[in-house]
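Student: I would like to learn how to read the features of a model. Please take me through one.

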Amino acid sequence: MVEPPQVGVQSWTESMSARDRIRAVAETLREPRSVNWISEQADAAWSTTNEELQALVDQSELRRVEAGETTRYQPDYTRLLFEEIRTLIEENTREELRSELAAITEEIEEWQVTYDVETWEELEQSLADGDLASAELRERRDVITRWEENEGDRRLIKHALELYSDVEAANEQLRDYSSSRRR
């Protein structure tokens with residue numbers, strides 16, 4: 001996998017502590033990485049990196065993955081998924097989520113008609129068609145990227161709508177508990 005572009009070490013050393021740099025690197029991990037790798041990317045001492053990664057594991061921010069004799073770290077993707085769903089619910093009404101879901105579905109349906117395909121994978125296969133001009137290839141690649149993003153967003157929105165009532169009820173219980181503790 002391709003790693004996200006790294007911020008230059010020079011700008012990091014001016015504005016972030018070693019622990020902040022370690023956290024910043026850890027938050028961008030796309031695959032499990034070793035303490036050594038993270039330490040190097042964050043321009044931080046191995047011992048500081050190891051301590052900070054352990055703290056992130058203890059806070060359920062990262063997961064430790066054993067790979068042979070090497071310990072690697074990766075984000076807790078389950079926690080990130082639920083945080084994203086929670087944010088969608090807290091920042092949007094049901095109607096806003098429904099409208100966004102409809103807009104995404106409409107856009108995908110337009111692409112299906114325009115390119116006479118059912119999935120972005122089928123559209124991707126059409127890139128091998130030797131009759132396409134470079135502008136058409138670029139356009140299709142852009143549509144594929146947006147289609148993949150839309151599919152991910154659609155899944156998240158569907159989950160948010162499915163859990164909306166449960167999250168609202170849990171938040172209401174928390175508010176009730178908090179207000180009863182203040183009395």
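Student: At what angle do the axes of helices H2 and H3 cross?

Tutor: First, the ground rules. This is a predicted model, where local features need pLDDT of at least 70, side-chain atom pairs count only at pLDDT 80 or more, and totals for chains, interfaces and linings use all residues. Residues are numbered from 1 along each chain as its sequence is written, and side-chain values use heavy atoms, with hydrogens and water left out.

Tutor: Helices (H or I, at least four residues) and strands (E, at least two) are DSSP runs, numbered from the N terminus. Axes are lines fitted to C-alpha atoms, for helices over the stretch in contact, and angles run from 0 to 180 degrees between N-to-C directions. Here H2 (residues 18–27) and H3 (residues 35–42) cross at roughly 120°, and their axes come within 9 Å.

Student: Which residues of H2 and H3 make the contact?

Tutor: Contact means heavy atoms within 4.5 Å. H2 supplies Arg21, Ile22 and Val25, while H3 supplies Trp37, Ile38, Gln41 and Ala42. Ala, Val, Leu, Ile, Met, Phe, Trp, Tyr, Cys and Pro count as nonpolar, Asp, Glu, Lys and Arg as charged, and the others, Gly among them, as polar. By that scheme the H2–H3 contact has five nonpolar residues, one polar and one charged.

Student: How many of the residues of H3 are buried?

Tutor: Buried means under 20% relative accessible area, exposed over 50%, and partly exposed in between (1.4 Å probe, protein chains only). Six of the eight residues of H3 are buried, so the helix is mostly covered. They are Val35, Trp37, Ile38, Ser39, Gln41 and Ala42.

Student: Which residue lies over the face of Trp37?

Tutor: A charge sits over a ring if NZ of Lys or CZ of Arg is within 6 Å of the ring centre and within 35 degrees of the ring normal. Arg33 lies over the face of Trp37, at 4.2 Å from the ring centre.

Student: Where is Ser60, and what does Ser60 touch?

Tutor: Ser60 is in the loop between helix H4 (46–58) and strand S2 (62–67). Its phi is near 65°, again a positive value in a residue other than glycine. Leaving out residues up to four places away in sequence, Ser60 touches Asp76 and Arg79. Ser60 and Arg79 are 19 residues apart in sequence, with C-alpha atoms 7.8 Å apart.

Student: How many aromatic pairs does the structure hold?

Tutor: A pair of aromatic rings is described by the distance of the centres and the angle of the planes. Rings of Phe, Tyr and Trp (its six-membered ring) pair if their centres lie within 6.5 Å; planes under 30 degrees apart count as stacked, over 60 as edge-to-face and the rest as tilted. This structure holds one pair. The ring centres of Trp111 and Trp147 are 5.7 Å apart with planes at 35°, so the pair is tilted. Trp111 sits in helix H6 (residues 94–115) and Trp147 in helix H8 (residues 134–182), 36 residues apart. Both are buried.

Student: Is Ile85 buried or exposed?

Tutor: Ile85 has 3% relative accessibility, so Ile85 counts as buried. Ile85 is found in helix H5 (residues 77–91).
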